[in-house]
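User: I have a structure open and would like to go through it with you. Could we take it piece by piece?

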Amino acid sequence: MPILSAVNLRTHFHTRHGVVRAVDGVSLSVEQNEIVGIVGESGCGKTVLCQSIMGLIPVPPAHVSYDKMSLDGEPLHTADERAMRAIRGNHMTMIFQDPMTALNPYMRISDQIAEPLRIHRGTRRADALPKALDALKAVGIPQPESRIRQYPHEFSGGMRQRVCIAMALITEPKLLFADEPTTALDVTVQAQILALLKELQARYGVAIVFVTHDFGVVAGLCDRVMVMYAGKVVESAPTAALFARPEHPYTEALLRALPARAARGQGLRTIAGQPPDLARQIDGCAFAPRCEYATPECTSVEMKLSACGSGHTTACLRMQKGEIGELGNRGAE
Amino acid sequence: MPDTYLDKGTSLWQDAMRRFVRNRLAIFSCAFLAALVVLAVLAPLFAPYSYAEQDLALGAAGPSVRHWLGTDILGRDLFTRILYGGRVSLMVGLCATAVALLIGVTYGAVSGYAGGRLDTVMMRFVDGMFAFPFTIFVIILMVFFERSLLLLFTAIGCVEWLTLARIVRGQVRSLRRQEFIEAAICLGLPRRRIIFRHVIPNVLGPVIVYATLTIPAVMLLEAFLSFLGLGVQPPMSSWGLLIKEGAEAMEAYPWLLIFPGMALSATLFCLNFVGDGLRDALDPKAAKD
């Protein structure tokens, strides 16, 4: 049974410029012990997807709907603020992109880490503090006994992200949303945080939804990847399969744009054009205007995910019909 | 060194405190105010006379060995009256500011945090209150209820919280977008806990600065009300009242105006210096060293 199951999730914002379909019919299922990567460019709806499931999107002005949503078998009502409050930070939680602003500057680290325990388990401060210390040890902060009495500004960015992780995992939640948690960190620290997440995931068995736009991170960390474009999932596959044999032209283009795949002496490859304006009604495939394989049919037939291999789904019409051959391994030519 | 540094964290408050202590003018002002408060509180011990004790035969006399700052028309010792007046003025300043802080910070934080329609309604109410003529409000209060110091605190506090609410609301609006507030929501904290534990401590810096500048404003207001005869009633006195009496007798007995005026302006100066010092110390952009 999956830890998280969301079917046909839609998050629409009603703005003056029309209805912005930030998340448009996304289904997400996460198994226990699994790390699912969500990849896509800025504004494709990755973050809104996570926030919608956490019930963090203010309704109205947003409009969130889904056919089915459950966490560990229990139905999840994201609109029920009181119920969600008891679940957030307890059974599912989130860590953020910028650790520099994710901690309250006026509170000691000890009290911040202990706070979820005190709220959700009613643990008294004196009992919660030793647990906070254990959590700080578990995320690999040196000299935790003295560090725990300090304030956030006395920590470096990487250290703060470790504190955020300790705070998120202290209640041993079932699901952790990691919203680009390494984007604001430098590369060496980034590797440490990823290793830490992987280690903690193995130890506590927490399922992780990892939002990123970095394929390198995905390759090293995730079991499965979902590629999002314009509020929709365009491809979903086990990580190895996605890298070996992308089944959507957008994924192919993203992979080809990786600097590591660029040939020596040639410029880096990019994807021409701009992502679509989500406030406009999009007919057919949203990627079609930028796609080198697009045919007139692509802009008229509605996009649908369908299986194209073991655990591998694609939304590309022409791939589904078998009109395009193998993608993906032509980048280095 | 690193070990002692690690021993116990230094909060941002402690950092600010260090910067504040280095500001000599502010520290001097603090010392002056502290001395004044002690003198005023312990006035019955220090004062050479009782504040109502008259010496009609003496009448208004200039400063002398017996009466350091002279006497007023009724022969009452001016030094004593300034001490007792300071009690009232300082108490009004502190209490009314406390009332304003309590209402203003809570109101502003709730309004700013809630946002949306509630925020609009709450802020329009503040705008409405701003438009309300304060003097008339106090006169109405004083006419309908018995004149008392408590009423004076409430009346002044009721006016001064408006600006505070606006300041706090603005700060909270920008704070609400910070990730640690979002993180607190993600951790499932109840709204009240978020407001009181995470939001308010983070807006206290500018609030404290504003509060130190509110105290002198409140003291001036009290002086103004007493000047109009709406504040403290004789034979009790406040600095405002003393200045009023002094102003009436200015030409014949200038010391009656000069000394209470000096007491009030010295206090106001000091409070402003303290406020400036606090603002510099609490400025988040100030380099941490």
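User: Which residues is Asp24(A) in contact with, leaving aside its neighbours within four places in sequence?

Analyst: Bear in mind that this is a predicted model. Once neighbours within four places in sequence are left aside, Asp24(A) is in contact with Leu9(A), Arg10(A), His12(A), Gly231(A) and Lys232(A).

User: And where is Asp24(A) found? Is Asp24(A) buried or exposed?

Analyst: Asp24(A) is found in strand β2 of chain A, which covers residues 18-30, and its relative accessible area of 10% falls under the 20% cut-off, so Asp24(A) counts as buried.

User: How many residues apart in sequence are Asp24(A) and Val64(A), and how far apart in space?

Analyst: Asp24(A) and Val64(A) are 40 residues apart in sequence, while from C-alpha to C-alpha they are 9.9 Å apart in space.

User: Moving on to helix α1 of chain A, how many of its residues are buried?

Analyst: Eight of the nine residues of this helix, which spans residues 46-54, are buried, so α1(A) is largely enclosed by the rest of the structure. The buried residues are Lys46(A), Val48(A), Leu49(A), Cys50(A), Gln51(A), Ser52(A), Ile53(A) and Met54(A).

User: What follows α1(A)?

Analyst: The helix α1(A) is followed by Gly55(A), which has a positive phi, near 75°.

User: Which helix gives the most to its lining?

Analyst: Helix α11 of chain A (residues 317-320) gives the most to the lining of the largest cavity, with three residues, and the lining as a whole is made up of twelve nonpolar, two polar and three charged residues.

User: Now chain B. How many helices and strands are there?

Analyst: Chain B has twelve helices and zero strands. Of its 289 residues, 45% are buried, and among the contacts in chain B with a separation of 6 or more, 72% are accounted for by residues 24 or more positions apart.

User: How do α5(B) and α10(B) cross?

Analyst: The axes of α5(B) (residues 78-114) and α10(B) (residues 191-227) come within 7 Å and cross at roughly 145°, and the crossing is right-handed. The residues of the contact between α5(B) and α10(B) divide into 20 nonpolar, five polar and two charged.

User: Last one: is Thr214(B) buried or exposed?

Analyst: Thr214(B), which lies in helix α10 of chain B, is buried, with a relative accessible area of 1%. Leaving aside neighbours within four places in sequence, Thr214(B) is in contact with Thr97(B) and Glu160(B).

Methods:
Residues are numbered from 1 along each chain as its sequence is written. Chains are lettered from A and ligands numbered from 1 in the order in which they are written. This is a predicted model: local features need pLDDT of at least 70, side-chain atom pairs count only at pLDDT 80 or more; totals for chains, interfaces and linings use all residues. Side-chain values use heavy atoms; hydrogens and water are left out. Helices (H or I, at least four residues) and strands (E, at least two) are DSSP runs, numbered from the N terminus. Ala, Val, Leu, Ile, Met, Phe, Trp, Tyr, Cys and Pro count as nonpolar, Asp, Glu, Lys and Arg as charged, and the others, Gly among them, as polar. Axes are lines fitted to C-alpha atoms, for helices over the stretch in contact, and angles run from 0 to 180 degrees between N-to-C directions. A crossing is left-handed if the near helix is turned anticlockwise from the far one by less than a right angle, and right-handed if clockwise. Buried means under 20% relative accessible area, exposed over 50%, partly exposed in between (1.4 Å probe, protein chains only). Contact means heavy atoms within 4.5 Å.
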